[in-house]
Amino acid sequence: MADKTKTVKERGSFSSRLGFILASTGSAIGLGNLWKFPYVAGTSGGGLFLLIYILFMLLLGIPIIFTEFSIGKKMKLNPIDAYSKLNKKCGFIGFLGAAASFAILSFYSVVGGWVLKYFILYLTKGTFEASPNEFFSQFSTSAAEPVIWHILFIGVCFFIVCAGISNGIERVSKIMLPALFIIILVLCVRSVTLHGSSEGLRFLFFPHPDQLSGIKGLSHVAVLAMGQVFFSLSLGTGIGITYGSYLDKKSNLVKDSVVISVLDTLIAVLAGIAIIPAVFALGLKPNSGPGLIFETLPLVFEKLFMGRIFGLLFFLLVFFAAVTSAISMLEVVASYLIDHYKMNRKTAVFIVTSVIAISGSFASLSLGGFEINLFGLNLFDFFSFASEKLFMPLAALFTCIYIGHFYKGDAVSSELTAKPVLYNIYSFLIKWITPVLILIIFILGLI
Ligand code: PHE
């Protein structure tokens with residue numbers, strides 16, 4: 001009993017429903033919203049991409065995130081022990097989720113380090129010694145510097161997660177998320193009031209006929225939209241279960257899942273409006289991947305009146321978004337050590353942070369400083385591939401199959417059973433629609 005009380009104390013809990021919503025939204029909003037969504041939407045169907053994205057949010061995103069929250073709230077445990085307790089044979093689903101969080105954090109915190117470096121650069125100097133392109137490729141492929149920034153970034157996350165759920169994660173989310181929202185609005189206004197921004201809005205929202213030609217074009221857009229919903233809502237990473245386990249009885253998971261998904265989509269669209277029109281207005285083209293925020297945007301800020309301030313604000317925004325996502329991944333793995341091995345929070349978080357500091361350093365080195373390849377990919381890309389293409393979809397797929405077809409306990413959440421129509425729609429989706437859609441993403445992702 002004493003042991004149990006100690007674990008409950010070490011586990012902690014959210015102090016309010018708002019805290020839970022903000023922390024979960026913080027996990028969802030991240031680099032996926034800020035650089036991936038604007039570019040992918042622009043090159044893959046614009047407004048039509050957005051419509052398909054919203055459709056998948058309804059068919060796939062909301063049902064899965066709701067299921068994960070419900071399992072957490074019911075079991076009050078980390079993902080691995082929660083699944084094992086639901087059914088002894090299902091512990092592996094929790095392992096897949098925790099492995100996804102671990103692998104994502106290993107490369108995400110490297111990018112977090114780059115963001116921190118850029119923020120400090122705008123704060124202290126505001127100029128790059130070389131052109132932003134050269135600067136970025138030299139910096140990101142060098143051996144020592146990015147490793148140091150990565151360790152600083154994960155160090156910040158360490159202190160937040162060490163402080164616990166309500167004192168650390170919740171408190172930081174309550175500051176960072178509203179700040180993020182204000183900054184993004186400021187950047188949106190700056191972007192759309194630039195002369196020539198309308199071309200960017202057209203790129204973002206109007207489909208080009210050649211992007212959508214025939215079934216092949218459309219199915220390509222659909223697959224991208226599904227993948228984006230998955231990554232953006234952090235599905236299949238155990239985060240829903242972990243954060244759900246810190247909830248008290250008063251929450252309403254149906255409403256909260258919808259609110260979190262809507263906020264996540266809103267920020268992605270606002271990020272598009274803040275970035276793409278400005279890029280076009282200054283005569284540049286949005287390019288894919290990290291290049292968009294680390295190479296193209298610095299060029300924009302160089303040309304803009306008071307660009308240094310906007311650069312500073314932008315990287316502060318990305319830093320907040322990256323921190324609130326990274327702490328959620330750290331918490332998933334730490335919560336397992338706390339629940340399962342009865343470790344105290346500080347020791348657990350210290351162990352996980354140290355391992356990530358090492359795995360992330362190797363991921364960073366694999367970009368240039370020191371060659372490390374696994375299955376033909378450098379370690380950085382390997383972590384990204386393993387998490388997004390394998391662990392996340394598989395964890396979500398097995399969750400839907402188990403909950404939809406095998407789970408015989410009470411309905412997942414009483415908020416839903418109280419509304420029979422909604423419950424029937426949910427059951428149908430989780431049994432028949434979400435598993436099929438995930439299987440499609442999984443197979444296409446591997447091809
Ligand atoms: N959802 C985050 C983003 O959009 C990324 C993330 C994925 C965070 C998985 C946690 C787990 O950037």
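Reader: How far is a nitrogen atom of the ligand from a polar backbone atom of Ser27?
Author: The distance is 3.3 Å. A polar contact is a pair of N or O atoms within 3.5 Å, so the nitrogen and the polar backbone atom of Ser27 make one. Before we go on: this is a predicted model, where local features need pLDDT of at least 70 and side-chain atom pairs pLDDT 80 or more, while totals for chains, interfaces and linings use all residues. Residues are numbered from 1 along each chain as its sequence is written, and side-chain values use heavy atoms, leaving out hydrogens and water.

Reader: Which residues come nearest to the ligand?
Author: Ala28, Leu31, Gly32, Tyr108 and Phe231 do, out of 15 residues around the ligand (near means a heavy atom within 4 Å). An oxygen atom of the ligand is 2.9 Å from a polar backbone atom of Leu31, and for Gly32 an oxygen atom of the ligand is also listed at 2.9 Å from a polar backbone atom.

Reader: What lies over the face of Phe231?
Author: Lys36 does, at 5.1 Å from the ring centre. The rule asks for NZ of Lys or CZ of Arg within 6 Å of the ring centre and within 35 degrees of the ring normal.

Reader: Why is the pair of Phe66 and Tyr426 called edge-to-face?
Author: A search of the whole structure finds 36 aromatic pairs (ring centres within 6.5 Å; planes under 30 degrees apart are stacked, over 60 edge-to-face, the rest tilted). Phe66 and Tyr426 have ring centres 5.4 Å apart and planes at 80°, so this pair is edge-to-face. The pair also links distant parts of the chain, with Phe66 in helix α4 and Tyr426 in helix α19, 360 residues apart (helices are DSSP runs of H or I, at least four residues; strands are runs of E, at least two).

Reader: What makes Phe314 and Phe315 an edge-to-face pair?
Author: Their centres are 5.2 Å apart and their planes stand at 90°.

Reader: Why does Phe314 count as buried?
Author: Phe314 has 3% relative accessibility, so it counts as buried (under 20% relative accessible area is buried, over 50% exposed, in between partly exposed, with a 1.4 Å probe and protein chains only). Phe315, at 0%, is buried too.

Reader: Which residues have the most contacts inside the largest nonpolar core?
Author: Phe20, Phe230, Phe294, Phe314 and Phe315, in a core of 156 residues (buried Ala, Val, Leu, Ile, Met, Phe, Trp, Tyr and Cys joined through side-chain atoms within 4.5 Å). Helix α15 (residues 307-341) gives the largest share, 20 residues. Leaving aside residues up to four places away in sequence, Phe294 touches Phe315, Trp114 and Phe136, among others (contact means heavy atoms within 4.5 Å).

Reader: How do you know that Asp256 is buried?
Author: Its relative accessibility is 0%, so Asp256 counts as buried. This residue sits in helix α13, and beyond residues up to four places away in sequence, Asp256 touches Arg17, Phe20, Ile21 and Ser251.

Reader: What makes Ile275 buried?
Author: A relative accessible area of 2% does. Ile275 also lies in helix α13, and its contacts beyond four places in sequence include Phe314 and Leu292.

Reader: Why is Met306 called partly exposed?
Author: At 47% relative accessibility, Met306 counts as partly exposed. Met306 is in the loop between α14 and α15, with phi near 55°, a positive value in a residue other than glycine. Lys342, in the loop between α15 and α16, has a positive phi of about 55° although it is not a glycine, and at 34% relative accessibility it counts as partly exposed.

Note on methods. Rings of Phe, Tyr and Trp (its six-membered ring) pair if their centres lie within 6.5 Å; planes under 30 degrees apart count as stacked, over 60 as edge-to-face and the rest as tilted. A polar contact is a pair of N or O atoms within 3.5 Å; within protein, one must be able to donate a hydrogen and the other to accept it, and residues adjacent in sequence count only if both atoms are side-chain atoms.
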